[in-house]
Amino acid sequence: MGGEMVAPGRAGPDDVVLAWEGADVVAVRLPQLSDSLDHILAALERGHGKPLAELDRKAKQETVRILEARGAFTVRHGVETVASALGVSRFTVYNYINYVNEQRAKARASDEQPQQDG
């Protein structure tokens with residue numbers, strides 16, 4: 001996620017201080033959400049072994065599904081950041097988000113359908 005370790009004495013109010021046997025040993029400074037999005041995109045790119053913009057449409061839709069599940073689109077300018085990484089327009093990202101939500105709704109509906117004996 002891109003956190004940074006700092007000395008416990010330098011910890012700020014938003015840092016997480018870790019203790020061992022009652023003594024503070026390190027503080028972890030968590031990144032801002034926008035920095036986390038960049039780290040998530042980089043990790044997805046490493047996982048695919050190529051730039052996200054080179055993925056086919058299905059792989060880009062799956063990438064948007066993963067990012068949506070991780071809250072990427074709650075970050076200010078998240079859609080724009082993802083669109084740039086995928087090499088598509090914001091409109092396309094919104095279409096992918098809608099597609100993901102439709103697929104999720106269909107899956108839920110089929111799970112809730114009562115089983116009929118034959």
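Student: Which elements of the protein chain have the lowest and the highest mean pLDDT?

Tutor: Strand β1 (residues 4-6) has the lowest, 83, and helix α3 (residues 78-86) the highest, 96. pLDDT is the predictor's confidence in each residue, from 0 to 100. This is a predicted model, in which local features need pLDDT of at least 70 and side-chain atom pairs count only at pLDDT 80 or more, while totals for chains, interfaces and linings use all residues. Residues are numbered from 1 along each chain as its sequence is written, and side-chain values use heavy atoms, leaving out hydrogens and water. Over the protein chain the average pLDDT is 87, and 90% of the residues score at least 70.

Student: How do you know that the length of helix α2 agrees with its number of residues?

Tutor: The expected span is 1.5 Å times one less than the number of residues. For the 13 residues of α2 (residues 57-69) that gives 18 Å, and the end C-alpha atoms are 18 Å apart, so the two agree. After α2 comes G71, with a positive phi near 80 degrees.

Student: Why is W20 called exposed?

Tutor: Exposed means over 50% relative accessible area, buried under 20%, and partly exposed in between (1.4 Å probe, protein chains only). W20 has 60% relative accessibility, so it counts as exposed. W20 lies in strand β2. By contrast, A59, K60, Q61, T63, V64 and L67 of α2 are buried, and 26% of the 118 residues of the protein chain count as buried.

Student: What makes a group of residues a nonpolar patch, and which residues form one here?

Tutor: Patch residues have over 30% relative accessible area and no salt bridge; nonpolar side chains (Val, Leu, Ile, Met, Phe, Trp, Tyr) are joined within 5 Å, and like charges within 9 Å. V16, L18, W20 and V25 make a nonpolar patch of about 400 Å². Its largest share, three residues, comes from strand β2 (residues 16-20).

Student: Why is the pair E62 and R65 called a salt bridge?

Tutor: A salt bridge is a side-chain nitrogen of Lys or Arg within 4 Å of a carboxyl oxygen of Asp or Glu. The closest N and O atoms of E62 and R65 are 2.6 Å apart, and the pair forms a salt bridge. The two residues are three apart in helix α2, about one helical turn. E62, at 36% relative accessible area, is partly exposed, as is R65 at 35%.

Student: How many salt bridges does this rule give, and what makes the one between E68 and R104 a tie between separate parts?

Tutor: The count is three. E68 and R104 meet at 3.0 Å, N to O. E68 is in helix α2 and R104 in helix α4 (residues 90-112), so the pair ties together parts 36 residues apart in sequence. E68 has 25% relative accessible area and is partly exposed.

Student: Where do E80 and R90 lie?

Tutor: Their side chains meet in a salt bridge at 3.5 Å, N to O. E80 lies in helix α3 and R90 in helix α4, so this pair ties together parts ten residues apart in sequence. With 33% relative accessible area, E80 is partly exposed; R90, at 47%, also counts as partly exposed.

Technical notes:
Helix = DSSP H or I, 4+ residues; strand = E, 2+ residues; numbered from the N terminus. Areas by Shrake-Rupley, 256 points an atom, 1.4 Å probe, with all protein chains shown as cover.
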